[in-house]
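Subject: Handing over a structure

Dear colleague,

I am passing the structure below on to you, and would ask you to look through it alongside these notes.

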Amino acid sequence: MRIAVIKETIAMTKDETLVEKSDEIYSVHFDFDETWDGFTKTALFKAGEYVEELALVDDECDIPSECLEIPGLMLKVLVRGVKGDEEISTPWCNTSRI
């Protein structure tokens, strides 16, 4: 899966079919514009009521397996960034249905 982040806008640019309870590890790569330079970035994943926050390493992370437990849910993601006292965040982005 690939997601573009421009300023505070977020959009999926490459979809992936997500299978519930799969043994496969699904990775997400984020493409950030220069607005995000110097920020420490985290991604929040949400499926139903379950939410998990993960630090991004080289603008990538794996989708938490707990998010893939229930079929039919829409996986959502948002990104937060922190640089000193400055914070930036996107709204939730719908990605793929599980």
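What follows is a short account of what was found.

This is a predicted model, in which local features need pLDDT of at least 70 and side-chain atom pairs count only at pLDDT 80 or more, while totals for chains, interfaces and linings use all residues. Residues are numbered from 1 along each chain as its sequence is written, and side-chain values use heavy atoms, with hydrogens and water left out.

The protein chain has an average pLDDT (the predictor's confidence in each residue, from 0 to 100) of 95, and 100% of the residues score at least 70.

Four strands form an open sheet in the order 2-1-3-6, with mixed pairing, where two strands pair if DSSP finds at least two bridges between them. Strand 2 (9–14) and strand 6 are the edge strands, each pairing on one side only. Strand 3 (residues 27–32) and strand 6 run antiparallel and are joined by three bridges, and the partner of Val28 in strand 6 is Cys61.

Cys61 is buried (under 20% relative accessible area, with a 1.4 Å probe and protein chains only) at 9%, and Cys67 is buried at 1%.

How values were computed
Buried < 20%, exposed > 50% of the residue type's maximum accessible area, 1.4 Å probe, protein only. Helix = DSSP H or I, 4+ residues; strand = E, 2+ residues; numbered from the N terminus.
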